Amino acid sequence: MFIAPKSEEESYKKLLEMINNGILYKDIEKYLTPENKKILGLKEKFYGCGLRRTLIDYYNMININDKIIFYRKKDLVFYGKIIAKQYIPEVPDIYGWPIRHNMKRSYVYFLIILNQLTYLFMFLTNLIIILCH
């Protein structure tokens, strides 16, 4: 499980925008590998996040089927499951991700939202594990 903070106002707004809009397959298709075209082409709605080159170690730890929680301050915002990931050197601007320090967010992972009850259960389970250690 990965926990992704979205404390900066701009980052938080972009996350909410992603949740509301999702990603359209047609907007990203030409950038995808054949394997990811098969995975994402079957989804009605999916989401994506990109990381800068400076976070490549974090990106390399992410695996397909990993769960991810996005939070802001004390609020849980989004709970999802990683369904694909890919390095996209010329990542399109459809995400609206800010380019900081001349670094695009080319290390992309794609995810789906998990059921809210699953989200609550998984969060509480992980919280108990963390508090008990």
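**Entry 1**

I started with Leu-124, which I log as partly exposed because its relative accessibility is 41%; the cut-offs here are under 20% for buried and over 50% for exposed. A reminder to myself: this is a predicted model. I then looked up where Leu-124 sits, and found it in helix H5, which covers residues 116-132.

**Entry 1: the overall layout**

Next I stepped back to see the whole protein. I noted 5 helices and 5 strands. Reading from the N terminus, I wrote the order down as β-α-α-α-β-α-β-β-β-α. The protein has 133 residues, and 41% of them count as buried.

**Entry 2: strand S2**

I wanted to know how many residues of strand S2 (residues 47-51) are buried. The tally is 5 of the 5, so I have S2 down as largely enclosed by the rest of the structure. I also checked which way the residues point: Tyr-47, Cys-49 and Leu-51 go one way from S2, while Gly-48 and Gly-50 go the other way. Both sets are buried.

For a partner, I found strand S5 (residues 107-113), joined to S2 by 5 bridges. The two strands run antiparallel. Across from Cys-49 I found Tyr-109 of S5.

**Entry 3: helix H1**

Then I turned to helix H1, residues 9-21. Its 13 residues reach 18 Å from the first C-alpha to the last, close to the 18 Å expected at 1.5 Å a residue. Which residues of H1 are buried? I listed Ser-11, Tyr-12, Leu-15, Met-18 and Ile-19. They cover an arc of only 120 degrees around the axis, and therefore lie on the same side of H1. On the other side of H1, I noted Lys-13 and Asn-20 as exposed.

I also looked at what comes after the helix. H1 is followed by Gly-22, with a positive phi near 65 degrees.

**Entry 4: Asn-65**

Gly-22 has a positive phi, and I made a note of Asn-65 too, where phi is near 80 degrees, a positive value in a residue other than glycine. Where is Asn-65 found? I placed it in the loop between helix H4 (56-61) and strand S3 (67-72). Is Asn-65 buried or partly exposed? I have it as partly exposed, because its relative accessibility is 46%.

Technical notes. Residues numbered from 1 in each chain as written. Predicted model: local features only at pLDDT ≥ 70, side-chain atom pairs only at ≥ 80, totals over all residues. Heavy atoms only, no water. Helix = DSSP H or I, 4+ residues; strand = E, 2+ residues; numbered from the N terminus. Buried < 20%, exposed > 50% of the residue type's maximum accessible area, 1.4 Å probe, protein only. Pairing = 2+ DSSP bridges. Expected span 1.5 Å × (residues − 1). Arc of directions from axis to C-beta.
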